[in-house]
Amino acid sequence: MALIEASGLCKSYQAGDVVVEAIKEATFSIEPGAFVSFVGPSGSGKSTLLNMIGCLDTPTCGNLSVVNTDVATLNHKQAAVFRGNHIGFVFQDFNLIPVLSVYENVEYPLIMVQRWSAQRRRKQVMELLEAVGMQEQAEKRPNQLSGGQKQRVAIARALVTNSKLVLADEPTANLDSATAHRVIDLMKSMREQFETTFIFSTHDPKVMAEAEVTFTLVDGRIVQPEAAA
Amino acid sequence: MINILKIAAKNLLRYRRRTFLTSLLITIGIVAVLLFMSLSGSFRALMVGQITDSMLGHLQIHKKGYVASIDNLPLTLNMKPAMVAKVTDYLQHDKDVAAWSPRIKFGAMFSNFKETTSIRLNGVDPQREVATCPLLPGRLIQGNHQQPLVAPGKIVIPELIAKGLKVKVGDSVVLVATNRDGSVNGNTFTVSGVLEGISGPGGRDGYMDINDARNLLRLQEPELSEVAIRLKPGVSLNKAFKAMRQHFAQITNQQGKPVFEVHTWEALSPFSNIAKMIDMLDTFIKVMLVAIVLISIMNVMLMAVYERIHEIGTIAAIGTTPSRILMLFVSEGLLLGILGAVIGIIISVATIAIINARTLTFSFGRQDNLVLQPTISLNEILVISLIVVLVAVLASLQPAWKASRMNPITALRHF
């Protein structure tokens with residue numbers, strides 16, 4: 001059974017007097033454990049699509065099922081609970097909380113989103129930090145880390161709640177080429193280790209080549225799903 | 001909740017200077033309130049204590065119309081024996097009454113054989129008077145505290161007359177008084193004590209034995225000008241007053257009008273207005289504290305929300321529910337309030353202890369060297385702390401609500 005199924009999905013919004021159709025009639029499905037990229041130029045609708053999959057935004061029309069849930073019907077609070085239970089996020093700007101240490105950043109969702117016991121939290125956080133190779137930096141603050149290290153922490157934070165799905169919007173945009181590849185490799189290895197589905201958006205051809213399935217977006221329309229060779 | 005508080009504390013520490021300044025403002029507010037309350041409370045308690053425990057008692061009973069003419073000390077408005085009997089019968093059976101003192105109040109001419117002046121006098125039963133006004137002997141600045149307040153043939157005079165006429169304990173003086181019929185009578189007395197003058201009605205009166213007063217005034221019957229009443233500790237003044245007023249209102253003359261009037265010390269002393277003003281100031285300064293806490297915390301929390309919109313977007317995106325975001329920001333306001341309250345209370349208690357150790361004196365009216373002994377009860381500290389903490393939470397609710405309702409996408413786009 002597909003993890004994500006979208007049919008006839010569209011999203012439009014009002015920009016002044018103009019109605020902008022950000023996503024048009026998108027139909028696709030993504031299997032569990034897939035490593036998927038949405039590619040396309042700036043303004044093609046990648047982020048809008050990821051936002052809808054991530055229950056941050058609702059479709060204007062069409063159907064969207066994520067982890068067997070019709071996410072279009074969720075209200076503000078239900079969407080937050082759903083995200084907390086099923087989805088991890090990796091952001092272009094890492095979005096780590098500056099006053100918290102690496103350890104505390106990764107622990108944050110287990111306190112604020114899922115209420116784990118201290119002992120369980122410690123075990124889970126240390127496992128994730130070890131998996132992303134950041135256990136030595138656990139006590140450091142985000143401002144003491146490089147961009148690549150920050151993104152590793154962000155990936156650990158996205159996986160710490162045992163998410164079935166991680167959405168990464170341009171995760172390598174702020175990284176140099178070598179670091180970007182290391183981050184993508186890390187995401188792949190995490191996919192193997194935790195059987196998590198990774199969906200990321202990018203417009204970097206080298207990064208998009210790493211995806212197993214690529215959806216190309218042009219002006220809000222999926223022009224072709226491509227399986228990697 | 002503990003974990004949310006820990007995160008909230010870390011968030012407060014990211015803007016140390018702002019947190020420090022806000023806490024300082026709350027601290028200053030609390031110190032001002034607690035010090036004012038302790039000092040004004042001490043002043044109020046001192047003055048009320050003087051008035052009730054050395055002059056007026058808690059309640060007084062007079063013949064109807066006496067208080068309106070009290071400045072003239074009218075002998076014509078004394079309570080007759082039948083009325084006195086009704087009053088004493090009631091007071092003997094009232095469980096709220098600790099003691100009561102019958103008094104004859106009158107004006108007289110006071111002479112040291114060289115000079116003459118007017119004097120206001122209370123004819124009292126010394127034992128009953130001291131039981132009703134236990135601080136009265138403490139006002140003796142000359143004379144023997146161990147003996148009865150005043151013995152037959154003796155007189156205790158106010159400090160001002162003693163100084164003005166250069167009279168001291170042991171001196172003979174003459175009192176000349178006009179009785180109800182207008183005839184004049186004079187007797188010789190020996191000064192047995194000099195009383196410190198205090199503010200308020202009766203604060204510069206002299207005292208003599210009630211039988212001496214009757215003789216001087218040639219009163220044929222055991223009539224009284226007033227009865228001062230002391231209530232038992234813990235008895236509500238208002239409750240006792242209402243019960244007494246209700247009882248005596250039912251005793252009427254042939255025309256069906258009440259023959260007695262009952263007053264609390266508050267109705268008899270102008271200091272009660274000062275006490276009310278102190279209470280008003282207390283309330284006013286508490287309102288100021290509420291305003292300080294409300295404005296400072298609301299301001300700092302609004303700033304915090306505005307500066308952390310992107311971060312709010314992040315925590316909302318990763319699944320933090322609106323209620324948890326609300327709790328996080330309310331916790332920050334709560335911690336700010338608690339921090340300011342704790343420091344403020346420590347500074348206030350220390351300052352009160354220092355004031356008490358150094359003996360702070362002040363003058364009021366013609367009284368000098370009154371010692372202020374500020375105290376603050378645990379109850380008052382708890383009430384002020386509760387006010388501060390509640391207002392801190394209230395002040396952070398609006399910014400926290402705003403943060404919790406943010407659209408994650410809009411917030412994530414904010415830099």
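**Figure 1. The contact between chains A and B.** In this predicted model, 20 residues of chain A are in contact with 18 residues of chain B. Contact requires C-beta atoms, placed from the backbone, within 7 Å. On the side of chain A that touches chain B, α2 (76-86) and α3 (102-112) of chain A each supply at least two residues. α2(A) gives the most, with 6 residues. By class, this side of chain A has 13 nonpolar, 4 polar and 3 charged residues. Nonpolar covers Ala, Val, Leu, Ile, Met, Phe, Trp, Tyr, Cys and Pro; charged covers Asp, Glu, Lys and Arg; the others, Gly among them, are polar. The predictor gives the complex an ipTM of 0.89 and a pTM of 0.75.

**Figure 2. The fold of chain A.** Chain A has 7 helices and 10 strands. Both are DSSP runs numbered from the N terminus: helices are H or I of at least four residues, strands E of at least two. The radius of gyration of chain A is 17 Å, close to the 17 Å from the globule rule for 229 residues, so chain A is as compact as a globular protein of that length. The radius is taken over C-alpha atoms; the rule is 2.2 Å times the number of residues to the power 0.38. Of the contacts in chain A between residues at least 6 apart in sequence, 70% join residues at least 24 apart.

**Figure 3. The largest nonpolar core.** This core has 112 residues. A:Val106, A:Ile155, A:Ala156, A:Leu167, A:Ile199, B:Ile30 and B:Val293 have the most contacts inside it. Helix α11 (residues 322-358) of chain B gives the most to this core, with 11 residues. Such a core joins buried Ala, Val, Leu, Ile, Met, Phe, Trp, Tyr and Cys residues through C-beta atoms within 7 Å. Buried means that 20 or more other C-beta atoms lie within 10 Å of the residue's own. Leaving out residues up to four places away in sequence, A:Val106 touches A:Val125, A:Leu128, A:Leu129, A:Val153, A:Ala156, A:Arg157 and A:Val160.

**Figure 4. Helix α1 of chain A.** All 8 of the 8 residues of α1 (residues 46-53) are buried, so this helix is largely enclosed by the rest of the structure. Among the buried residues are A:Lys46, A:Asn51 and A:Ile53. A:Cys55 follows α1(A), with a positive phi near 55°.

**Notes.** Residues are numbered from 1 along each chain as its sequence is written, and chains are lettered from A and ligands numbered from 1 in written order. In this predicted model, local features need pLDDT of at least 70 and side-chain atom pairs count only at pLDDT 80 or more, while totals for chains, interfaces and linings use all residues.

Key:
Two residues are in contact if their C-beta atoms, placed from the backbone, lie within 7 Å. A residue is buried if 20 or more other C-beta atoms lie within 10 Å of its own, exposed if 12 or fewer, and partly exposed in between; C-beta atoms are placed from the backbone.
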